Amino acid sequence: MRLISPKTSICAFLVVLGVIFLSVCACAGQISAAEEQHINPEIPVSFAQSSGTGATQLATAERVSVLQISASDKDGSTTVEISLSGRASFSSFTLPDPLRLVLDIEGAVLQSRPDPILINDGIIHRVRVGQFNPSIVRVVFDLSRVTSYTVVQTEDKPDVICVSFPKRVTGVEFFERDGRAEAVISGEGSLQYETLSLSGPPRIVVDLPGAVLASDAIEMPVSHPQVTCVRASQFQPDTVRVVLDLVKATTYSVSTSSDRPGEVVVDLGYRILGAEFSGDEKSTTVDVVSSGNPEVKFMVLAVPHRIVMDFENSTLDTTERVIPVGDGVVERIRLAQHSPMTVRAVLDLNYYAGHSTAVDPTGRGPKVEVFKSPIAKTVIVIDPGHGGMDPGAIGPTGLQEKAVVLDISKKVATQLQAMGAEVVLTRSDDVSVTLPERVKAASNVRADAFISIHANASRTGEPTGTETLYSGTVSMSRVLAESVQAALVSQIGQVDRGARERNDLMVIREAKCPACLVEVVFMSNLKEELLLLDPAFRQKAAQGITTGIMSYFQWRKDRQSQVSGGRDEKLPVTRDDAILPADNRAQSKEVVQPEEQSGSGEQPQSGDQSQPEDQSQSVDQSQPEEQLHPEDLSEPDDESRPDDMP
Ligand SMILES: [Zn+2]
């Protein structure tokens with residue numbers, strides 16, 4: 001017996017929490033056909049203070065009367081309220097065979113014997129009430145299954161005893177939608193959850209505290225590359241446990257949506273199955289194969305050149321982590337589980353000459369076309385004019401040509417190297433170099449092109465603009481000069497004096513390869529000298545010259561492929577074995593090794609590192625045979641790799 005004394009007013013209310021541990025359920029057989037009518041739980045059953053029949057002799061002024069018993073659903077939890085005419089003490093206990101919860105209200109009297117309330121919510125079958133003895137009214141809850149319960153009598157309303165039961169979990173579904181696997185736990189009311197990963201065998205466990213499974217235990221075998229079975233059972237009297245048996249350890253996220261609080265979704269995300277590639281003279285296309293179309297974030301990084309793709313909400317489902325390509329532009333493709341829900345694909349490049357992306361129409365993830373540089377593997381000699389004792393032209397403010405052209409030349413060299421060319425500078429310092437030495441520098445390295453860079457001068461300060469000179473004696477020099485002239489004028493926007501033939505300039509006349517001499521602008525013109533003083537202008541000029549050289553080599557490449565007359569040099573270098581079978585069960589013992597770390601050289605993805613908040617790793621002490629997964633998705637630092645990936 002539990003007495004409610006005024007001392008309990010320290011607390012706002014008094015709670016009696018009980019747990020029915022008995023595993024016996026069922027009592028349905030005892031109900032007569034007449035009683036087998038469902039009563040809407042929302043409709044209270046009133047016990048009218050009828051004229052004294054039955055228990056009249058028990059009614060006294062000291063006794064409280066049971067006025068009403070009602071059952072309702074509060075956020076998925078069945079609650080039974082017993083209204084009295086005043087405060088009363090109560091006690092509760094359970095009885096087996098059949099399973100019942102008994103609530104005895106002390107010193108209470110029942111004015112009439114009401115019909116039972118049928119609930120049948122999977123936990124409570126019905127509620128009965130009767131005068132147990134002259135001073136006790138007994139409320140009996142016939143239960144369908146083991147459950148916990150709470151009895152509350154608040155200080156505010158001491159004349160109401162409230163018995164509530166856990167929320168109900170009504171079922172579990174598993175399906176794959178758009179290449180993405182999901183297990184959906186359905187319940188009534190807003191479900192709480194805790195998750196953990198277990199190994200041996202690998203499992204995802206979702207515990208739903210304060211919930212009761214409104215059915216027998218569920219065991220649902222599924223045919224899926226990641227999951228073999230979905231199970232649900234009453235793990236503890238007030239906790240439902242849902243387990244996904246995995247083929248191998250995998251990453252996942254668990255969430256509820258605000259619009260459907262009764263659903264807990266375990267999202268296994270997309271699977272990244274591997275990468276394929278093919279290519280021709282102009283580009284290499286990389287196809288990262290996935291089970292659907294995950295969101296992808298692209299980054300282009302330099303030093304070394306890389307294209308990085310982060311696949312959100314994805315798990316790597318292949319053992320092939322490094323796929324060699326080696327076709328001149330893409331060195332290799334690397335795949336890794338970068339963070340618990342992000343797969344990272346890195347294309348290691350020899351140089352970066354641009355890329356484009358497209359969605360695979362078959363819905364297997366994006367394709368990336370990496371452009372090949374027309375100057376890849378070419379040898380280009382850049383010749384900064386003058387130097388050392390020879391200052392070249394000197395502008396009105398005293399700017400020396402040798403310094404300006406060296407700066408522009410170095411910028412051009414850097415840009416060409418980034419596009420895959422081998423670049424030789426005839427001088428990289430303020431030193432004297434003779435004209436024959438400059439010509440020899442090109443022939444020594446069997447250069448594919450020679451570009452001498454100068455700034456113009458005239459006796460008067462009037463002439464302005466850009467010109468590029470070539471010698472008619474060297475084949476294709478005119479095309480090179482025209483390409484450079486056009487691109488340079490387009491970039492710096494000065495007067496176009498055109499590409500001009502000049503056969504009196506030794507460095508371009510004696511060259512053994514296509515050669516030209518660029519006069520960027522006029523040093524002798526004050527306005528243009530001031531332009532040359534501006535580093536941003538010099539950068540633009542360098543970009544124009546680089547673009548011109550690139551377009552010359554592109555023209556040459558196109559011409560060569562036309563000359564080769566359809567001889568097929570474009571055999572795609574596909575590797576059909578790049579994709580592993582989706583269901584790689586031979587590797588099922590493998591666990592996720594989070595070897596991926598964000599590299600010190602890769603700043604942009606700092607926002608992607610957050611761990612899903614629901615990856616609770618708390619040890620489940622109540623089930624000692626299920627050990628915590630030792631590789632439970634935490635990410636140890638991989639110091640062996642300072643870069644983005646192994
Ligand atoms: Zn010059």
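**View 1. Length and ends of helix α3 in the predicted model.** In this predicted model, helix α3 covers residues 477–492. A helix of 16 residues, at 1.5 Å a residue, should span 22 Å, and the end C-alpha atoms of α3 are 22 Å apart, which agrees. After α3 comes Gly493, which has a positive phi near 70°.

View 2. Which residues of α3 are buried? They are Ser477, Leu480, Ala481, Ser483, Val484, Gln485, Ala487, Leu488, Val489, Gln491 and Ile492.

**View 3. The crossing of helices α3 and α6.** Two packed helices are described by the angle between their axes and the distance between the axes. The axes of α3 and α6 cross at roughly 145° and come within 7 Å. The crossing of α3 with α6 is right-handed. On the side of α3, the contact is made by residues including Val479, Leu480, Ser483, Val484 and Ala487. On the side of α6, the contributors include Phe537, Ala541, Gly544, Ile545, Gly548 and Trp555. Sorted by class, the contact of α3 with α6 holds 13 nonpolar, eight polar and one charged residues.

**View 4. The open sheet of six strands.** The strands of this sheet follow the order β32-β31-β33-β36-β34-β35, and their pairing is mixed. The edge strands, β32 (422–425) and β35 (496–501), each pair on one side only. On average, neighbouring strands of the sheet are turned by 20° against each other, direction ignored. Within the sheet, β33 (residues 449–456) and β36 (residues 515–522) run parallel and are joined by six bridges. Ile451 stands opposite Cys516 of β36. Helix α1 (residues 401–418) lies across β31 (379–384), β32, β33 and β36, and runs at about 145° to β33.

**View 5. The open sheet of five strands.** The order here is β23-β24-β28-β27-β26, with antiparallel pairing. Why is one side of β23 and of β26 left without a neighbour in the sheet? Strands β23 (296–301) and β26 (322–324) stand at the edges and each has a single partner strand, so one side of each has no neighbour there. From one strand to the next, the twist averages 15°. Strands β27 (residues 330–339) and β28 (residues 342–349) run antiparallel and are joined by eight bridges. Val330 has Leu349 of β28 as its bridge partner.

Definitions and conventions: Residues numbered from 1 in each chain as written. Predicted model: local features only at pLDDT ≥ 70, side-chain atom pairs only at ≥ 80, totals over all residues. Pairing = 2+ DSSP bridges. Helix = DSSP H or I, 4+ residues; strand = E, 2+ residues; numbered from the N terminus. Axes fitted to C-alpha atoms, helices over the stretch in contact; angles between N-to-C directions. Contact = placed C-beta atoms within 7 Å. Expected span 1.5 Å × (residues − 1). Buried ≥ 20, exposed ≤ 12 C-beta atoms within 10 Å, placed from the backbone. Left-handed = near helix turned anticlockwise from the far one by under 90°. Nonpolar A, V, L, I, M, F, W, Y, C, P; charged D, E, K, R; others polar.
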